[in-house]
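Work through the exercises below with the structure open. Try each task before reading its solution.

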Amino acid sequence: MKRLVIVSNRVPAAGTPQAGGLVVALVGLLRRHKGLWFGWSDALADHPDPEPRVVDRQGISCAMIDLTPDEHRKYYLGFANGVLWPLMHILPGVVSFHRNELETYRAVNVRFATALKGLLKKDDLIWVQDYQLLAVPAALRDQKVGNPIGFFLHIPFPPPVVAAISEGLLGLVRDVLAADLIGFQTATDAEHFAQTAALYAGARRVGKLGLSLGDRTVRLGVFPVEIDAQEFARVTKAAMERRPAQDLAHNLRDRALVLGVDRLDPSKGLVERLTAFRQFLAAEPKWHRRVSFLQIAAKSREGVQAYRSLLRDLERIAGATNGAYAEPDWTPLKLVTQSSTRNTVASYMRHARVGLVTPLRDGMNLVAKEFVAAQDPDDPGVLVLSRFAGAATQLDAALQVNPYDPDQIEEAMRRALTMPLAERQERWRDLWDVIKDTSALAWGEAFADALANRKMARTKTERDGTGGLPTKKAVPRASARGTASKRARPAGSGMAEDGRPTMGGARTTTG
């Protein structure tokens with residue numbers, strides 16, 4: 001078995017082995033492959049050592065380098081999260097351009113590649129993660145690294161007309177084409193990338209899932225990230241016996257809970273979501289004192305102006321809503337900006353009658369899948385899901401909404417709160433059938449296997465355009481949803497990280 005080397009913005013933080021989700025799956029993958037995790041240490045130094053330091057964390061080798069404060073400001077807070085993140089989420093109004101930040105972004109990517117090269121073995125598989133490191137594949141090739149290189153984009157890729165807003169992004173598209181395999185969450189993201197590469201990077205389309213650039217062929221693949229649904233369901237049941245779950249039940253006093261769990265981020269549709277809840281209270285006096293909305297929006301990227309502005313907007317809306325409708329023993333909307341543990345969030349999800357997962361755009365959004373896994377099959381809550389989340393292509397039994405439209409979110413909330421038990425159960429069963437046999441570890445193995453089989457896959461690309469990738473069969477609507485496909489839908493319903501992993505003190509998973 002070939003060694004797997006994962007390259008991400010940060011290496012996992014040290015901690016207890018109780019974390020869940022994607023990071024634990026990647027750790028498990030590295031244990032199987034006796035692998036190495038390479039990335040930033042999360043430390044800043046004025047004069048960082050160019051040589052990486054290697055430590056053992058819970059059975060895997062982690063190699064890390066420090067960044068300077070200037071690199072962190074320009075590479076991470078600046079270009080990565082001030083340009084790439086909003087642009088890829090189609091939020092051009094949030095983009096802040098500074099040319100020197102792009103230069104630093106590229107320089108840090110080259111420094112990653114230089115530090116990594118000395119650790120590589122001849123047969124290693126290299127898997128680069130996410131938007132912070134788009135230039136790493138080309139930087140490795142420039143240093144004569146011939147190993148198979150895979151790249152996975154966890155966030156969406158925008159249409160070509162949006163990508164073209166940043167010439168820096170267009171240059172990075174060419175850089176990432178130095179990889180052998182580029183993975184995406186959805187077929188739409190893969191198609192947007194292929195169109196952009198063909199229009200602006202000089203690439204030529206090869207079949208359905210291939211690109212040619214010079215004498216190289218690059219495969220594109222769709223690998224939707226999954227959760228271990230069975231494990232999350234077990235975590236939820238255990239969490240219901242703990243103090244946070246019991247405290248929440250006491251405070252609710254039989255009121256219906258509407259729940260949102262996100263990072264505090266402009267892409268999550270939080271302003272529209274809180275606005276929709278206020279509209280609901282204005283239109284439905286009979287629900288006063290009968291419903292409470294808990295929005296967990298854990299602070300992140302506080303060094304970015306757009307995030308600070310968003311927090312002020314949310315505090316204003318929450319204050320106005322509670323000022324207008326709260327009573328001495330009822331606070332309709334609670335906005336929590338501190339992180340919560342995975343167990344606590346799981347128990348909140350099980351208590352919730354409605355789960356609001358309404359990002360303006362999202363690569364996948366694992367919170368939607370976790371909400372489904374957390375439910376009591378006998379009395380499940382209802383998932384209200386943005387049609388622009390990657391998960392919407394799989395979870396079509398959710399109430400899907402346009403997240404830009406507070407009226408539509410309000411209508412879905414009303415429908416969810418009044419939905420008969422039989423329909424709630426049927427929708428939940430359809431959703432559970434989609435995720436019950438999945439795991440993040442299987443997702444990681446599928447990508448690693450596709451990367452390892454690059455030569456065979458290239459031949460298959462030339463033959464039939466599939467990229468040689470294992471493809472997940474589309475679930476027929478009748479079997480995936482039973483009679484749910486015949487149900488009437490609310491108007492407008494559709495079909496379709498910040499790179500900080502942690503091994504311990506597990507925090508909320510926010511897609």
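**Exercise 1: Two helices**

Leu170, Val173 and Val176 in α6 meet Phe193, Thr196, Ala197 and Tyr200 in α7. The model is predicted. Task: find how α6 and α7 are arranged, and sort the residues of their contact by type.

*Solution.* 
- Step 1. Sort the contact residues: six are nonpolar, one is polar and none is charged.
- Step 2. Locate the helices. Helix α6 covers residues 167-176, and helix α7 covers residues 187-200.
- Step 3. Look at the axes. They come within 10 Å and cross at roughly 100 degrees.
- Step 4. Apply the cut-off: 65 to 115 degrees counts as roughly perpendicular. The two helices, α6 and α7, are therefore roughly perpendicular to each other.

**Exercise 2: Aromatic rings**

Task: decide how the rings of Trp428 and Trp432 are arranged.

*Solution.* 
- Step 1. Start with the whole structure, where a search finds 17 aromatic pairs.
- Step 2. Take the pair Trp428 and Trp432. The ring centres are 5.6 Å apart and the planes are at 10 degrees, so this pair is stacked.
- Step 3. Trp428 and Trp432 are four residues apart in helix α15 (residues 421-435), which means about one helical turn separates them.
- Step 4. Check accessibility: Trp428 and Trp432 are both buried.

Task: which residues do ring pairs link into a cluster?

*Solution.* The cluster consists of Trp40, Tyr75, Tyr76, Phe79 and Tyr105.

**Exercise 3: Charges over rings**

Task: over which rings do the charged ends of Arg290 and Arg301 sit?

*Solution.* 
- Step 1. Arg290 has its charged end over the ring of Trp287, 4.0 Å from the ring centre.
- Step 2. For Arg301, the ring is that of Trp85, and the distance to its centre is 4.3 Å.

**Exercise 4: Around Ala298**

Task: describe the surroundings of Ala298.

*Solution.* 
- Step 1. Ala298 belongs to strand β12 (residues 291-298).
- Step 2. Its relative accessible area is 4%, so Ala298 is buried.
- Step 3. Leu264 is 34 residues away along the chain, yet the C-alpha atoms of Ala298 and Leu264 are 5.3 Å apart.
- Step 4. Beyond four places in sequence, the contacts of Ala298 include Asp262, Arg263, Val336 and Ser339.

**Exercise 5: Positive phi**

Task: is Lys144 buried or exposed? Is Asn365 buried or exposed?

*Solution.* 
- Step 1. Recall that most residues other than glycine have a negative phi.
- Step 2. Lys144 has a positive phi, near 65 degrees. Its loop runs between α4 and β6. With 74% relative accessibility, Lys144 is exposed.
- Step 3. Asn365 has a positive phi of about 80 degrees. Its loop runs between β14 and α13. With 1% relative accessibility, Asn365 is buried.

Note on methods
Residues are numbered from 1 along each chain as its sequence is written. This is a predicted model: local features need pLDDT of at least 70, side-chain atom pairs count only at pLDDT 80 or more; totals for chains, interfaces and linings use all residues. Side-chain values use heavy atoms; hydrogens and water are left out. Axes are lines fitted to C-alpha atoms, for helices over the stretch in contact, and angles run from 0 to 180 degrees between N-to-C directions. Angles under 35 degrees count as roughly parallel, over 145 as roughly antiparallel, 65 to 115 as roughly perpendicular and the rest as oblique. Contact means heavy atoms within 4.5 Å. Ala, Val, Leu, Ile, Met, Phe, Trp, Tyr, Cys and Pro count as nonpolar, Asp, Glu, Lys and Arg as charged, and the others, Gly among them, as polar. Rings of Phe, Tyr and Trp (its six-membered ring) pair if their centres lie within 6.5 Å; planes under 30 degrees apart count as stacked, over 60 as edge-to-face and the rest as tilted. Buried means under 20% relative accessible area, exposed over 50%, partly exposed in between (1.4 Å probe, protein chains only). A charge sits over a ring if NZ of Lys or CZ of Arg is within 6 Å of the ring centre and within 35 degrees of the ring normal.
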